[in-house]
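Load the model in your viewer and keep the selection panel open. The stops below go one at a time.

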Amino acid sequence: MPAKNGVDGTLYSYPNNPRAQLIQICAQYGGSDVKLAADFQFGVTDKTPEFTAKFPFGQVPAFESSAGCLNDTMAIASFVGGSDLRGADEFTRATITQNMNMAETQLFPAACQVLYPCWGLMPNNKNVVSKGHANIASFMTALNQHLLDRTYLVGESVTLADLTLAVYMRDLYAMMFDEAKRNEYVNVTRWFTTIMNQDEVLRILGPLNLCVKPAQFDAKLFQQNNPKPQKNAPKKDQSPKKAAPQPKKEEAKPAAEAAPKKERKAPFSDLPKPKLSMDDFKRHYWNSETPDIMKYFDENFVDGEWSVWKVEYKYQNELKRTTTTNNLVKGMYQRLESMKKYAFGLMYVFGDAGDQRLAGIWLGRGGKNFFYEDDNWTIDIENYNCTKLDMNKPDEKGLWTKFIAGEIDDWEGKQFEKDHIF
């Protein structure tokens with residue numbers, strides 16, 4: 001192990017955080033004494049005034065040393081790793097930083113899109129997972145070419161670039177990259193194996209068991225991690241209390257008789273019970289593959305009991321910022337909360353900021369535009385062009401099927417960016 005370079009400090013993080021593991025590995029290379037805070041509780045300790053006084057952004061990993069406090073993974077890794085990992089000259093350091101940024105902004109988010117559903121941390125949104133796989137494939141192909149005649153990413157020794165990429169790639173090799181996939185990226189696999197077998201890496205992570213069969217979405221684990229709130233909470237005793245006798249008051253003159261209140265009918269109460277159950281359909285969507293979802297739909301959909309609609313935002317030229325576009329959908333969903341048992345919807349954002357499209361597809365109760373069943377549901381839909389789709393026409397049924405399968409990659413030439421599920 002390298003000689004101690006004088007960097008001592010405490011690292012705050014939750015267990016098995018890959019970012020914290022990267023910092024610990026770099027500390028091994030730099031000979032730094034980095035201790036994990038034993039009493040740290042994620043979501044508790046990081047919310048305390050004492051913690052936020054040191055780390056105003058309240059995020060982890062966070063590092064405290066005699067030199068001061070740091071709250072960024074790459075900054076901490078660079079600080080505790082020492083000069084050898086950072087590079088000997090300005091261009092080398094810039095190249096290392098470039099690779100670290102690509103690991104953080106390109107590889108890590110794509111890996112999360114693929115892995116989180118397998119850990120039960122995210123629903124099995126097929127479009128998101130497919131996009132994650134595509135981004136990983138693109139990244140790995142470029143990296144495989146780069147490593148064709150190189151042992152390390154930058155220069156002739158291990159740097160922060162190698163450690164960052166390898167740590168962020170580790171779960172992919174453990175859970176997704178089976179032998180066939182590893183052979184597809186043979187240069188990356190050679191490099192990855194080299195980094196994972198470094199003594200400094202093994203001390204923190206231990207040996208790695210490579211993937212035999214790619215992991216799949218675990219519906220039971222997702223339900224366990226995201227339990228539905230109980231609808232019927234125990235009611236308090238609401239038996240009327242005996243009122244104390246009141247003295248008689250002088251009878252008031254009878255007021256004019258108030259007009260009887262008009263009872264509000266339940267949405268779609270005039271329709272017969274449908275063959276297709278919305279709860280069952282949504283259960284299939286979250287837990288089944290596309291053929292099983294469509295099998296249930298085809299066997300139970302009756303035109304008039306339900307209908308399928310394509311919606312497109314009328315004012316596409318006003319969609320300038322991704323945050324604003326996403327908030328349009330989120331706000332709409334909040335206002336449609338009471339419609340959930342009568343409808344299912346997929347709204348997609350396409351394109352980059354400044355040139356975006358917002359479109360989606362909906363399955364709802366009845367044969368007419370179901371948004372107009374309740375006045376509270378019409379607030380947002382007035383801003384959309386709604387087109388009823390005929391499930392007997394192959395092209396219109398095909399559009400519905402592609403949305404369900406997560407295969408809508410673009411709209412009017414704009415690439416898929418974000419989905420919202422109702």
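What follows is a tour by selection, from the whole chain to single residues.

**Ground rules.** This is a predicted model: local features need pLDDT of at least 70, side-chain atom pairs count only at pLDDT 80 or more, and totals for chains, interfaces and linings use all residues. Residues are numbered from 1 along each chain as its sequence is written, and side-chain values use heavy atoms, with hydrogens and water left out.

**Whole chain.** Colour by secondary structure. The chain has 16 helices and ten strands. Both are DSSP runs numbered from the N terminus: helices are H or I with at least four residues, strands E with at least two. Of the 422 residues, 45% count as buried. Buried means under 20% relative accessible area, exposed over 50%, and partly exposed in between, with a 1.4 Å probe and protein chains only. Among contacts with a separation of 6 or more, 74% come from residues 24 or more positions apart.

**Select 18–30.** This is helix 1, with 13 residues. First C-alpha to last spans 18 Å, close to the 18 Å expected at 1.5 Å a residue. The expected span is 1.5 Å times one less than the number of residues. Is helix 1 mostly covered or mostly open? Mostly covered: 13 of its 13 residues are buried.

**Show the second largest pocket.** Its volume is about 640 Å³. Of its 27 lining residues, the closest to the centre are Tyr14, Asn17, Pro18, Arg19 and Phe108. Helix 1, helix 3 (73–81), helix 5 (90–115) and helix 7 (160–175) each give two or more residues to the lining. Helix 5 has the largest share, five residues. A pocket here is an open set of points on a 1 Å grid over the protein atoms alone, where a 1.4 Å probe fits, with protein on both sides within 12 Å along at least five of seven lines; lining residues have an atom within 4 Å of a point. Grid points are joined across faces, edges and corners, and the volume is the space filled by probe spheres set on them.

**Select Gln198.** It sits in the loop between helix 9 (186–196) and helix 10 (199–205). Its side chain reaches the backbone oxygen of Thr194 at 3.1 Å. Beyond neighbours within four places in sequence, Gln198 contacts Tyr29 and Val158.

**Select Thr401.** Look in helix 16 (residues 394–405). Thr401 counts as partly exposed because its relative accessibility is 24%. A polar atom of its side chain lies 2.9 Å from the backbone oxygen of Lys397. Pro291 is 110 residues away along the chain, yet the two C-alpha atoms are 9.5 Å apart.

**Backbone stops.** Most residues other than glycine have a negative phi, and most peptide bonds are trans.

- Val60 and Pro61 are joined by a cis peptide bond, omega about 5°. Pro61 is in the loop between helix 2 (49–54) and strand 3 (62–65).
- Phe268 has a positive phi of about 60°. At 8% relative accessibility, Phe268 is buried.
- Glu412 has a positive phi near 55°. Glu412 lies between strand 9 (410–411) and strand 10 (414–421), and is exposed at 52%.

Definitions and conventions:
Contact = heavy atoms within 4.5 Å. Polar contact = N/O pair within 3.5 Å; in protein donor to acceptor, adjacent residues only side chain to side chain.
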